[in-house]
Amino acid sequence: MRLLGGVAVALALALGAAGSAHAQGGPCGAHPWCDRSLSPDRRAALLVDALTPAERIGLLAGDKAGGVAGAAGMHTGDADGVPRLGVPPLHLTDGPVGVRQGPSTAFPASISLAASFDRRLAGTYGGAVGDEARLKGDDVVYAPTVNILRTPLWGRAFESLGEDPLLTSSMAVAWIRGAQRAGVIANVKHFAANNQEGAPGPGGSIVGNRFSVDARVDQRTLREIYLPAFEAAVKDAHVGSVMCSYNRLNGIHSCENKALLTGILRRDWGFRGFVLADYGASKHIGPALAAGLDFEPWPFADADGGENLTPAAVSAAIAAGRTTQAAVDAAVHRLLRTLFATGFFDRAPYADTPARIDAAAHRRIAQRAAEAGAVLLKNDHALPLDARRLRSLAVIGPDADRYVNGGGSSDIVPLSFTSPLNAIAARAGARVHVRADTGDDPARAAQVARRADAAVVVVADSAAEGTDKPCLGLECGSKDAVDRDKLVAAVAAANRRTIVVLETAGPVLTPWRHRVAGLLEAWYPGEAGGPAIARLLFGDADPGGRLPATFPRREGDLPTAGDPKLYPGVGGIVTYGEGVLVGYRSYDQRRVRPAYPFGFGLSYTRFALRGLRVRAARRGAGVRVTVDVANRGGRRGTAVPQVYLGLPSAPGRVQPPRQLKGFAKVDLRPGRRARVHLALDARAFAYWDVHRHGWRVAPGCYGLWAGTSSRDLGRRVPIAAGGARCGAGAARIAAGTVSG
Ligand code: BGC
């Protein structure tokens with residue numbers, strides 16, 4: 001099959017060179033736009049010309065709505081195409097942690113993937129989701145979510161890739177490449193500044209509701225924190241489509257925000273794909289089309305009376321002079337151009353054939369990802385467990401025997417599931433007496449723990465799209481009456497070898513952390529989370545994850561705490577007043593000690609970082625960094641060396657003390673070492689200059705650190721920009737404007 005396909009493509013290319021007529025045919029037919037030797041733009045222009053005005057209008061919106069329920073056999077979005085001209089239907093699906101279309105492989109939540117700090121894994125993960133989407137007949141997958149985790153209260157924290165723009169960008173680029181290589185168009189979302197669902201308010205209201213909230217974000221903060229992952233998706237991963245978000249950005253709905261959809265996305269970044277609206281996010285047809293919105297999958301008017309791109313509404317808008325046929329044609333051109341460029345017209349439509357999914361292979365990927373993303377936060381000689389030495393083990397908690405995941409459009413029905421309890425019992429073996437307790441009565445659970453050699457407590461939080469968590473404790477927003485913090489405290493008091501396994505959407509409060517012997521953050525670990533947790537607890541796998549977001553000691557330490565204007569907003573406006581000081585950037589700047597810092601995570605072995613060297617790159621455009629990582633422990637494990645940079649601040653230009661600028665993931669056997677090479681380009685040193693509307697490296701002294709977390713760093717290495725005097729031996733880089 002493969003070979004034949006390759007031959008066919010080679011043949012088509014050869015014929016294309018010989019004469020355009022021969023490049024036609026195949027699934028597309030003999031229409032002029034089926035000529036593969038023509039450019040995607042030319043082909044789109046020919047097809048737009050052949051479509052009637054009404055047919056063009058009809059291509060702006062989806063045609064079905066039932067798929068949002070996520071049932072098998074239905075897509076999250078469908079557009080019928082134009083049978084008269086052989087334009088095939090287009091199918092679209094959620095999403096970031098798996099295909100939401102009947103049972104699918106439930107991968108660990110995106111935040112777990114971010115915690116892996118593993119680009120290659122992100123590519124494999126995106127590839128597997130893309131593969132399942134294709135085999136379920138989808139052409140587009142609404143993923144990844146790259147909105148920065150501004151507050152861990154966010155109801156979609158689990159779906160984010162954490163609080164850092166570089167980490168988010170790196171994971172997103174690899175994910176998109178993987179998915180698009182699998183033959184589907186990725187749809188990076190939600191553009192832009194969609195960082196909250198809204199806080200639960202009185203009488204079921206939602207304060208700072210995502211559907212309408214106006215995110216006020218200054219231009220520098222946008223460019224440096226909230227946009228880089230979208231930018232990287234466009235420039236580095238060539239993402240085929242972008243989803244504009246519900247919220248307003250600086251007063252204007254994202255889906256009708258011309259500065260965003262045309263100025264930044266298309267003009268500044270060179271995006272050539274199409275923009276689609278989140279479900280119901282288009283509000284006014286005229287401004288939306290003028291701004292650069294191309295497609296809206298949701299075919300109905302939404303609750304707040306927003307105008308959608310349905311044929312009736314668009315025709316009425318044209319008749320009333322609120323938009324033009326030319327604006328419609330331009331949008332349709334961009335959609336079709338992308339479909340031509342990605343081969344949609346030149347292949348047979350994908351069929352919905354879920355039986356063809358290699359469920360076992362994808363489950364292995366899901367398990368590997370869960371292991372690679374789990375973060376060991378504490379280990380007082382409690383782990384790994386040794387099944388040969390244990391006689392008894394208590395497995396406690398309301399979440400030990402259930403599938404825990406996030407709600408909303410990433411709510412995946414798993415293809416299979418083994419709970420942590422069952423997986424732990426299986427791994428412990430018949431010799432170890434495993435006693436389970438649901439933990440709804442902490443006193444009883446403590447009794448069970450007291451009689452065991454060790455106690456594992458599995459506790460989860462509850463998070464879903466639609467509303468944020470009311471607070472950061474484990475029980476905040478919980479759907480049952482079990483007080484998980486109380487449970488952990490009671491078990492820890494009863495058994496000195498208490499190990500807590502968290503399955504949470506993101507950072508939570510851990511008030512009992514000083515009283516437990518072990519703490520493993522497994523996030524929402526997906527369908528293979530149980531076996532992954534068992535393997536991690538028993539040391540069959542090294543906990544590969546490092547924190548992609550800061551765990552605060554108390555909720556009042558959050559960067560957005562204490563001022564409702566910062567979160568959840570006042571009068572429908574949320575002000576990103578903390579600017580670029582998001583996540584660890586803020587903790588560092590305020591000198592607030594977190595419970596567990598960004599980048600932190602233990603291994604079962606010990607690593608040493610040595611020999612940091614920083615040399616200027618060619619023509620002073622950034623630096624090249626090398627550092628040696630050595631495994632000094634007795635086990636194989638994964639290290640995540642990280643490089644941080646401190647930029648010089650200036651009056652009116654606060655700079656975070658440190659920003660992540662490079663990282664690697666290194667798997668090392670005991671006694672082995674590896675040299676890590678990281679390139680920091682000029683852009684890594686640049687800030688967004690609002691006056692010049694561009695990136696700029698300020699002259700001055702920069703500091704570079706290598707370490708194992710944002711708070712465990714070696715000595716500061718100075719770097720001098722623009723001739724600044726920063727000490728003998730400082731690498732010298734160029735200052736000034738940076739393109740791109
Ligand atoms: C979400 C999107 C999702 C869409 C379709 C919206 O509510 O914000 O992320 O892709 O629903 O399910």
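Colleague: Which side chain meets that of Arg216 in a salt bridge?

Modeller: Side chains of opposite charge can pair when their charged atoms come close. A salt bridge here is a side-chain nitrogen of Lys or Arg within 4 Å of a carboxyl oxygen of Asp or Glu. Arg216 pairs with Asp214, at 2.7 Å from N to O. Residues are numbered from 1 along each chain as its sequence is written, and side-chain values use heavy atoms, with hydrogens and water left out.

Colleague: Is Asp214 buried or exposed?

Modeller: Buried means under 20% relative accessible area, exposed over 50%, and partly exposed in between (1.4 Å probe, protein chains only). Asp214 is buried at 5%, and Arg216 is partly exposed at 37%.

Colleague: Which residue forms a salt bridge with Asp268?

Modeller: Arg223 does, with the closest N and O atoms 2.7 Å apart. Asp268 is in helix H9 (residues 258–268) and Arg223 in helix H7 (residues 219–226), so the pair ties together parts 45 residues apart in sequence. Helices are DSSP runs of H or I, at least four residues, numbered from the N terminus. Arg223 is buried at 4%, while Asp268 is partly exposed at 32%.

Colleague: Where does pLDDT stay under 50?

Modeller: Where pLDDT is low, the predicted coordinates should not be read in detail. That applies to residues 1–21, where pLDDT stays under 50. The protein averages a pLDDT of 95.

How values were computed. Predicted model: local features only at pLDDT ≥ 70, side-chain atom pairs only at ≥ 80, totals over all residues. pLDDT = per-residue confidence, 0-100. Contact = heavy atoms within 4.5 Å. Helix = DSSP H or I, 4+ residues; strand = E, 2+ residues; numbered from the N terminus.
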